[in-house]
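Dear colleague,

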Amino acid sequence: MNTLDTWIESIEKVISIILIAALTLVLASSVFYRYFLNEPIYWASEASIFMMAWLTFIGGSLGLKYKSQASITFLVERFSKGGKRILDIISHILILLFLILLIYLSYEWIFSLTSQKSSAMRIPMWIPYLSVPVGLTFSFIHLLNYTINLVKNNKQEGNAL
């Protein structure tokens, strides 16, 4: 599982770098064409929205991988080390269950799309919408790997769940 998690992390980093570079290029070109050449690029805003959607879900998954999400810990800090670990495992299992539901619903949503196309670029809308289930699936894998490692470490230390 660690190998899959690391592999997905590498893919997410590459996709993020490409998307940030492309987004910068599209927006800079759009500004240049609009204000200096007086010829706006009609598809630039739509493309930037689609790239931002992909960046949001891929970045959210990477944020989950690196545990960089905001959290309120004043209640958790009151528990002992073993209590914190148990609470951590329970919360991760609940999040995994919620992610399973979201992943199921998002893939169902993608498969239910008809031949809808975007207005400016005329690409199938399943391409930008696919960012939701892909990002959620990557998040699920990162969180599952973290939870498995948490449980394994708990058993190695001899603590009972």
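A salt bridge here means a side-chain nitrogen of Lys or Arg lying within 4 Å of a carboxyl oxygen of Asp or Glu. With that in mind, and remembering that this is a predicted model, Lys65 and Asp5 qualify as such a pair, since their closest N and O atoms are 2.3 Å apart, which is within the 4 Å limit. Because Lys65 lies in helix 2 (residues 44-65) and Asp5 in helix 1 (residues 2-35), the pair ties together parts that are 60 residues apart in sequence. Asp5 itself counts as buried, at 1% relative accessibility.

Lys65 also meets Glu9 in a salt bridge, with an N to O distance of 3.8 Å. Here again the partners belong to helix 2 and helix 1, with Lys65 in the former and Glu9 in the latter, so this pair ties together parts that are 56 residues apart in sequence. Glu9 is buried as well, its relative accessible area being 11%. These residues belong to a network of salt bridges that links Asp5, Glu9, Lys13 and Lys65.

A search of the whole structure finds four salt bridges, and one of them joins the side chains of Glu77 and Lys84 at 3.5 Å, N to O. Glu77 is partly exposed, with a relative accessible area of 49%, and Lys84 is also partly exposed, with a value of 29%.

The axes of helix 1 and helix 2 come within 9 Å and cross at roughly 150 degrees, which makes helix 1 roughly antiparallel to helix 2. The crossing of helix 1 past helix 2 is left-handed, and the residues of their contact divide into 14 nonpolar, four polar and five charged.

Turning to the chain as a whole, there are five helices and zero strands, so that, read along the sequence, the pattern is α-α-α-α-α. The C-alpha trace spans about 70 × 35 × 30 Å along its principal axes, and the radius of gyration of the chain is 20 Å, whereas a compact globule of 161 residues would have one near 15 Å. Buried residues make up 32% of the 161 residues in the chain.

Some residues in the loops may also deserve a look. Asn38, although it is not a glycine, has a positive phi of about 55 degrees; Asn38 lies in the loop between helix 1 and helix 2 and counts as exposed at 62% relative accessibility. Arg122 likewise has a positive phi, near 60 degrees, and is placed in the loop between helix 3 and helix 4 (126-129), where Arg122 counts as exposed at 51% relative accessibility.

Finally, Phe74 is found in the loop between helix 2 and helix 3 (81-111), and this residue is exposed, with a relative accessible area of 60%. Phe74 and His142 are 68 residues apart in sequence, and their C-alpha atoms are 25 Å apart in space.

With kind regards

Technical notes
Residues numbered from 1 in each chain as written. Predicted model: local features only at pLDDT ≥ 70, side-chain atom pairs only at ≥ 80, totals over all residues. Heavy atoms only, no water. Helix = DSSP H or I, 4+ residues; strand = E, 2+ residues; numbered from the N terminus. Buried < 20%, exposed > 50% of the residue type's maximum accessible area, 1.4 Å probe, protein only. Axes fitted to C-alpha atoms, helices over the stretch in contact; angles between N-to-C directions. Parallel < 35°, antiparallel > 145°, perpendicular 65-115°, else oblique. Left-handed = near helix turned anticlockwise from the far one by under 90°. Nonpolar A, V, L, I, M, F, W, Y, C, P; charged D, E, K, R; others polar. Rg over C-alpha atoms; globule rule 2.2 N^0.38 Å.
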